[in-house]
Amino acid sequence: MQNNFYIQKAGEEAKDIFAEWGVTINATQGMLELPELKTPFTRNWIEEQGLDIYIPDRAIFADKEVEIEVTYHGVYGREQFQKFISYLVQPAEKQYAKENRDGVFQFFSSYRNTGARLVYKGMSFSKERYRGQCFRKDTVQATLKFMCPNGLSFGVSTYGKPSNSLTFTIAEGESIDVFYSNGERDFNKTKTFTKPDIRFCIINPSSINSVVVS
């Protein structure tokens, strides 16, 4: 059985959360929503009426909060769930430690065809039920809390695409930061390019109209 929800550290292959740890995703909050616009810069000149407001030439978005509700149901619940939490708090491999120093992850749901690049903030338990016997399964439920630094971050699947490939066409003057399911990364591309042999990618765009993916 697969959960169709993947997590990935810098430079590593994406991991199916259910296949790897037996953890299922109940719900997400904030993953699909656009963040709020940043408050425009203002000056209150003493000799002028009202406020002098700086309006940028494009929409500038703030970061956003994301919550993911998870459940583990099985024997030895505390030990098994702890393995998943350990993955969240342990740094990536040494050569990628700088990229992952703040607990940064790519999350992707193949069922919803969406994802984001998130920073782990913490966790709160909503239920812990331990049966005490191996043949009676434990239940652990928790809410994982993340911050999404680039609130426009999104994911795209290659499902149904030839050679599992995606083509990126970047608008003039814009840039993107792309994280692939196989652990590779492209940064600041300023042209059309194609990436084959991946399952999905997470894109951090410089604006809401930075890129068209096909």
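**Asking where the labels come from**

Colleague: Why is Cys148 called buried?
Modeller: Keep in mind that this is a predicted model. Cys148 has a relative accessible area of 0%, and buried means under 20%, so Cys148 counts as buried.

Colleague: And what makes Cys201 buried?
Modeller: The cut-off is under 20%, and Cys201 comes in at 0% relative accessible area, so it gets the label buried.

Colleague: How many disulfides turn up in the whole structure?
Modeller: Zero, from a search of the whole structure. A pair of cysteine sulfur atoms would have to lie within 2.5 Å to count.

Colleague: Where does Gln106 sit, and why is it called buried?
Modeller: Gln106 belongs to strand E7, residues 104-109. Its relative accessible area is 2%; the limit is under 20%, so Gln106 is buried too.

Colleague: What makes the Gln106 and Arg117 side chains a polar contact?
Modeller: They are joined at 2.2 Å, and the cut-off for such a pair of N or O atoms is within 3.5 Å.

Colleague: Which residues is Gln106 in contact with, leaving aside neighbours within four places in sequence?
Modeller: Among them are Tyr6, Ile7, Gln8 and Lys9, along with Ala116, Phe179 and Ile202. Arg117 is one of the contacts as well.

Colleague: And the chain as a whole?
Modeller: It has two helices and 16 strands, and 41% of its 214 residues count as buried.

Technical notes: Residues numbered from 1 in each chain as written. Predicted model: local features only at pLDDT ≥ 70, side-chain atom pairs only at ≥ 80, totals over all residues. Heavy atoms only, no water. Helix = DSSP H or I, 4+ residues; strand = E, 2+ residues; numbered from the N terminus. Buried < 20%, exposed > 50% of the residue type's maximum accessible area, 1.4 Å probe, protein only. Polar contact = N/O pair within 3.5 Å; in protein donor to acceptor, adjacent residues only side chain to side chain. Contact = heavy atoms within 4.5 Å.
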